[in-house]
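Hi everyone, thanks for coming. Today I'd like to walk you through a protein model, one piece at a time.

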Amino acid sequence: MTSASPGRLVVLTGADGRLGSRLAFRVAAAGGHQRLLVTGHGVVPRLPGGASLPETEVVVVPSEPDPRTLTSAFGDAYAVFLVPGKERPGRLGKHRAVIDAAVLAGVRHVVYVSSVGTGPDAVASAARDDWLTEEYLRGTDLTWTMLRIAMFHRTLTFAVYDESRGSGPGTVLCAPAGDGRVASVSHDDVADVATAVLLDEDPNRHASRIYHLTGPEALSLDEVAAALSTATGRTIRYAPQTLDQARALFYRSTAAEVEDWITQCQAIAAGVLAEVSPDVRHLAGRKARSLEEWLDDYPTEWAHLRLPSVR
C-alpha cells in the first residue's frame, strides 16, 4: 500500500463523485492529509457508521464557485487532483478557473484526469477540451501529471438497451463504434494510480509525466457484449449504429451529451482507444482489471443490467 508523505495536504475536486470518492478512501487509508471538495450532488466519503475519514477536511463548494472560494479551498495545499467537468459548454472555463486558483493559492502540483487520444484535432470532443486544459496547465508554473483515461468499464454498461418487441432483437449493446476495439479501465485502477502519484515520497517523480491508463486488453464491442452476457445471464449482442440512430436513441439528452458519446464511439471506431498501456501495472503495482474481472468483482456497479428493462 502507498504511504503518505508527512505534512503534504492534497485537495481532491469531485470528491463526492465515483472516482473522487474512491481516491479519498485510498488517501485516508494511506495516512494522507486531504481536503475534499464536494458539491452536494453526490455522497461524501465516510467510514461505516457515518464517521469522517481520518485526516480529512470536507469543503462544500457550489457547482460554479467564484475564484475567491476556490483559492481559499486550495489554501496550504501541495497538490490538487482535478477531475474534469461533465457539462458542456463551460467545462473548459471551469478547468481554467481551478488552475488559476491553484496558482494563486500557491499549490505546487496538479494531477489532471485527461483522455487517451487528447490533441488539438482529437476525434472525441471531450479529448479536445482535455487538450486545451493540458495546454493551459503547461503554461503555468505548476508542476503537473496527466492521467489519460481510455474509457471506464462502467460507461460501456450504459450503452445496453432492451429492444425486445415480440420477436424483435432483444437486449443490445448500441454504439456507433463500428468494428473498433477499446481498452477500457476501472475506476478503482485509476484511483490506485492517482493515490500512488499524489502520495509519492519523491514529489518530482511524476512531474511533467503523462500516463495512459487502460485495461489489460482491447476488446471489440462484440467481445464486450459477450462478457456482459456471461455476467448477467441474458443474451446481449452488439448492434453497430449509424450516427443518426445514435442521436435518435439519445433524444432525451442534451446536444453536448450526445456529441460527447458519439465522438467517443467514433474514437473507438478509429482505433484511438485500442492501445493497451502498462502504466496501471507500473504505478499500482499490479495488473489492471479486465472487464470480465471487473464485472465479477463489482456486481453492484452494473446492477442496472439485471432490471427487466435496462432503459
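I'll talk about the cores, then some helices, and finish with a few residues in loops. Please keep in mind that this is a predicted model.

Let's begin on the inside. In soluble globular proteins, nonpolar side chains tend to be buried together. Here, the largest nonpolar core has 41 residues, and Leu-173 and Trp-261 are the ones with the most contacts inside it. Which elements give two or more residues to this core? They are the strands β7 (160–162), β8 (171–175) and β12 (236–240), together with the helices α7 (221–232), α8 (243–249), α9 (255–269) and α11 (291–297). Helix α9 gives the most, with 6 residues.

Find Leu-173 on your screen. If we leave aside its neighbours within four places in sequence, Leu-173 is in contact with Leu-156, Ala-159, Val-160, Leu-221, Val-224, Ala-225, Ile-236, Arg-237, Tyr-238 and Ala-239. Apart from this core lies another one, of 33 residues, including Ala-30, Val-113, Phe-152 and Val-280.

Now for the helices, starting with α1, which covers residues 18–29. Helix α1 has 12 residues, so at 1.5 Å a residue it should span 16 Å, and its end C-alpha atoms are 17 Å apart, which agrees. Is α1 mostly covered or mostly open? Mostly covered: 9 of its 12 residues are buried. Those buried residues are Leu-19, Gly-20, Ser-21, Arg-22, Leu-23, Ala-24, Arg-26, Val-27 and Ala-28. They pack against the strands β1 (9–12), β2 (33–38), β3 (56–60), β4 (79–82) and β5 (109–115), and against helix α6 (187–198). After α1 comes Gly-31, with a positive phi near 85°.

Helix α3, residues 91–105, passes the length check too: its 15 residues reach 21 Å from first C-alpha to last, close to the 21 Å expected. Its buried residues are Arg-91, Leu-92, His-95, Val-98, Ile-99, Ala-101, Ala-102 and Ala-105. What covers them includes α2 (67–73), β4, β5, α4 and α9. Helix α3 is followed by Gly-106, whose phi is positive, near 85°.

Next, how do two helices meet? Two packed helices are described by the angle between their axes and the distance between the axes. For α4 (residues 125–138) and α9, the axes come within 7 Å and cross at roughly 95°. Angles of 65 to 115 degrees count as roughly perpendicular, so that is how α4 lies to α9. From α4 the contact uses Ser-125, Ala-126 and Arg-128, and from α9 it uses Glu-259, Asp-260 and Thr-263. Sorted by type, the residues of this contact are 1 nonpolar, 2 polar and 3 charged.

Last stop, the loops. Gln-241 sits in the loop between β12 and α8. Buried or exposed? Gln-241 is buried, because its relative accessible area is 14% and the cut-off for buried is under 20%. Leaving aside neighbours within four places in sequence, Gln-241 is in contact with Cys-174, Ala-175, Pro-176, Ala-246 and Leu-249.

Two other loop residues have a positive phi without being glycine. Glu-55, in the loop between β2 and β3, has a phi near 55°. At 52% relative accessibility, Glu-55 counts as exposed. Asp-76, in the loop between α2 and β4, has a phi near 70°. Asp-76 counts as exposed as well, at 72% relative accessibility.

Technical notes: Residues numbered from 1 in each chain as written. Predicted model: local features only at pLDDT ≥ 70, side-chain atom pairs only at ≥ 80, totals over all residues. Heavy atoms only, no water. Core = buried A, V, L, I, M, F, W, Y, C linked by side-chain atoms within 4.5 Å. Buried < 20%, exposed > 50% of the residue type's maximum accessible area, 1.4 Å probe, protein only. Helix = DSSP H or I, 4+ residues; strand = E, 2+ residues; numbered from the N terminus. Contact = heavy atoms within 4.5 Å. Expected span 1.5 Å × (residues − 1). Axes fitted to C-alpha atoms, helices over the stretch in contact; angles between N-to-C directions. Parallel < 35°, antiparallel > 145°, perpendicular 65-115°, else oblique. Nonpolar A, V, L, I, M, F, W, Y, C, P; charged D, E, K, R; others polar.
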